[in-house]
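Please open the model in your viewer and follow the stops below in order, making each selection before reading what is there.

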Amino acid sequence: MTATHTKAGEAKAGTKVMTVLEAITDAMRTEMRNDDRVVVFGEDVGKKGGVFGATMGLFDEFGEKRCFDTPLSECGIIGTAIGMAVYGMRPIAEIQFLDFIYPAFDQIVSEAAKMRYRSGGEYTCPLVIRSPYGGGIRGGHYHSQSSEAYFCHTPGLKVVIPSTPADAKGLLIASIRDEDPVMFLEPKRIYRHGKGEVPLGEHVVPLGKARIAREGTDVTVLCYGAMVPVCEQAADEAQKAGRSVEIVDLRTLVPLDEQAVLSSVKKTGRCVVVYEAPKTCGYGAELSAIIAEKCIEHLEGPVVRVAGFDTPFPYTLEALYMPDVKRVAAGIEKTFVW
Amino acid sequence: MTELLSILDQDGKAQKGKDPNLPGPELQKLYRLMVRTRALDDRGLALQRQGRIGFYLQSTGQEASHLGAAYALADSDWLFPAYRQPGILLLREVPLQMIVAEWFGNSGDTSKGRQMPVHYSFRQANFVSISSPIGTQLSQAAGAGMAARIRGDDTVFMTFCGDGGTSSNDFHCGLNFAAVYKAPVVFVCENNGWAISVPSCKQTASESMAIKAAAYGMPGVRVDGNDVLAVYRVCKEAVDRARRGEGPTLVETVTYRIASHSSSDDAARYRDAKEFEAWKKKDPIARFRQYLEHKKLWNDALEQECVESAKAAVNEAVAAAEALPNVEPGTLFDDVYMNLTPQLREQRQELHDLMAKGGVGADVGHFPL
């Protein structure tokens, strides 16, 4: 695993070594203990504890009133979650796979995202929509997509994607406490890969602040979610060729920590943007445009996008579709030789 | 066909044993609200025709349907409305000027000019912001009802849709979730016969809208929507049932959209004049007036005073609301989130700088024309 991860049994005092998945559960448990307005619901989240186990133990601790199963209807899950939020609760709605969220799209983009604005601030929608997303689990195109860009394109929504256990907990707690609707997208590929130290109890990572996952001087790699460990390995490869790579883990796509992006790119003069969604109009397109608008004079070479291809997400050819260490390393090299 | 419940006949006579026997002053209040709602509606369309507001959606003919329904609620109960229930704002004592300011979308508008006319939001009245997509409020009301049950509140939630709304995704999931969780919700489907130009017979092959309730495991009631007492009685039972923790009810009020869909529509292009004329004779206000007269609670002098004071109040509200200044350009960026993001702050500054140079935004003051 990567440098940010620690082996089990080495936790510092006040921390515990956890997977991303365990950290997500811990975040919900912490907030449900803190605030009785917090409830979690969705398909199979009750007794079963979720298809990935993210809500494991919450039904037993908090009972059916605060952790419950719903009918199989994404539209209904989000519509009711909005009603709860408007009425003053802090709902966490789980959508089993991001690929299944589209029946709820109208509720998310027309209702949750616009409630505060359209009511002149009279009504708000402090809601967290948690959903596993992304490929790498042999899930074919209905269990693998990265459709974050749809939500980033909707004013009123925040979009958060963790990549480490500590961030998964801290960002989820910040999302639950946020006064606006948050899409909390969980990179399921790294749910159980690698463990890391996670602070026990209260742990908040503010939204809108990127993390420098690795410092470097020659080239900046912008990434998020399951692409972060891939980029870290690619940076190791590039290091062998003498390239010093800085990795910026965005953590929050909306609102973006533009300062962190720009100061890193200004420092290195080169940039690779890595995302597993289809290349065209993906979030990396926005990053590329921001860099072109605001620091083109600092660039030593073109901004390179390493992304998924503009195809539906494949099943057996998944490994070819997903940006991997070699493709990211090639992308890094391309910023030097072009 | 599901039975159509009514209390008043076309001449305003109450059927024996069915009159809810509301106190005289309450009946008069309800009537005055219906008259005032109609006056507001007439003026709204007129202002649009005069080009003083950008758009209008009338509720003419549906006064009994929505006022009778909401009259069954306690003031602390919540509404997740559609867009043809303006009388509820009057019932809940929202000042007329605030309602009219929403049409102008100016600085007097609680929604800060963010939405087209008639898409009200009044927190003071527990009247949740209206959106244009059809039916979305139905599942939200179910969720709010679920929340109240979780918290142990005794709030009841009333939500509205039209006949077209019964075809929406949210009609299905809203009713389904509400029934599964026994949420304290009253779903009122105002079946006014038309969804813009599509008649209700093309929305469903069901014999009624009310019968759909059976599939969700809740009671469904069909009531004469132009009979304010019948709507009130049916909804009162549904509200009481919800408050007792017995779950949701679907109420179908059978009424008619006397006006076109909106100020942008002309119903004469697709609607049979005979059907329209027949429904016009069933005017809910005239019918209720006859009932009051039978009860010696109303007369010509009261009518004249009521109509004139309604018009005067609306005129006064229009004059006051229209005189208010426009919304400030900078408010464009407010309320997207609780706090401005760095990106919004930058965009606001960019617009501000361009406006300061002149040119950009020069015609903002002429909205809506």
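Begin with H1(B) and H2(B), where H1(B) passes H2(B) in a right-handed crossing (right-handed if the near helix is turned clockwise from the far one by less than a right angle, left-handed if anticlockwise). Helices here are DSSP runs of H or I with at least four residues, strands are runs of E with at least two, and both are numbered from the N terminus.

This is a predicted model, in which local features need pLDDT of at least 70 and side-chain atom pairs count only at pLDDT 80 or more, while totals for chains, interfaces and linings use all residues. Residues are numbered from 1 along each chain as its sequence is written, with chains lettered from A and ligands numbered from 1 in the order in which they are written.

Now show the side chains of B:Leu30, B:Leu33, B:Met34, B:Thr37 and B:Arg38 on H1(B), and of B:Glu63, B:Ala64 and B:Leu67 on H2(B), which make the contact (C-beta atoms, placed from the backbone, within 7 Å). These residues divide into 5 nonpolar, 1 polar and 2 charged, where Ala, Val, Leu, Ile, Met, Phe, Trp, Tyr, Cys and Pro count as nonpolar, Asp, Glu, Lys and Arg as charged, and the others, Gly among them, as polar.

Zoom out to the whole of chain B, which has 12 helices and 8 strands and whose C-alpha trace spans about 75 × 50 × 40 Å along its principal axes.

Next, select both chains: the contact takes 36 residues from chain A and 36 residues from chain B. On the side of chain A that touches chain B, H3(A) gives the most, with 10 residues, and the residues of that side divide into 16 nonpolar, 11 polar and 9 charged.

Finish at A:Leu200, in the loop between strand S8 (196-199) and strand S9 (211-214) of chain A. Leaving aside its neighbours within four places in sequence, A:Leu200 is in contact with A:Gly14, A:Thr15 and A:Lys16, and its C-alpha lies 9.2 Å from that of A:Ala13, although the two are 187 residues apart in sequence.
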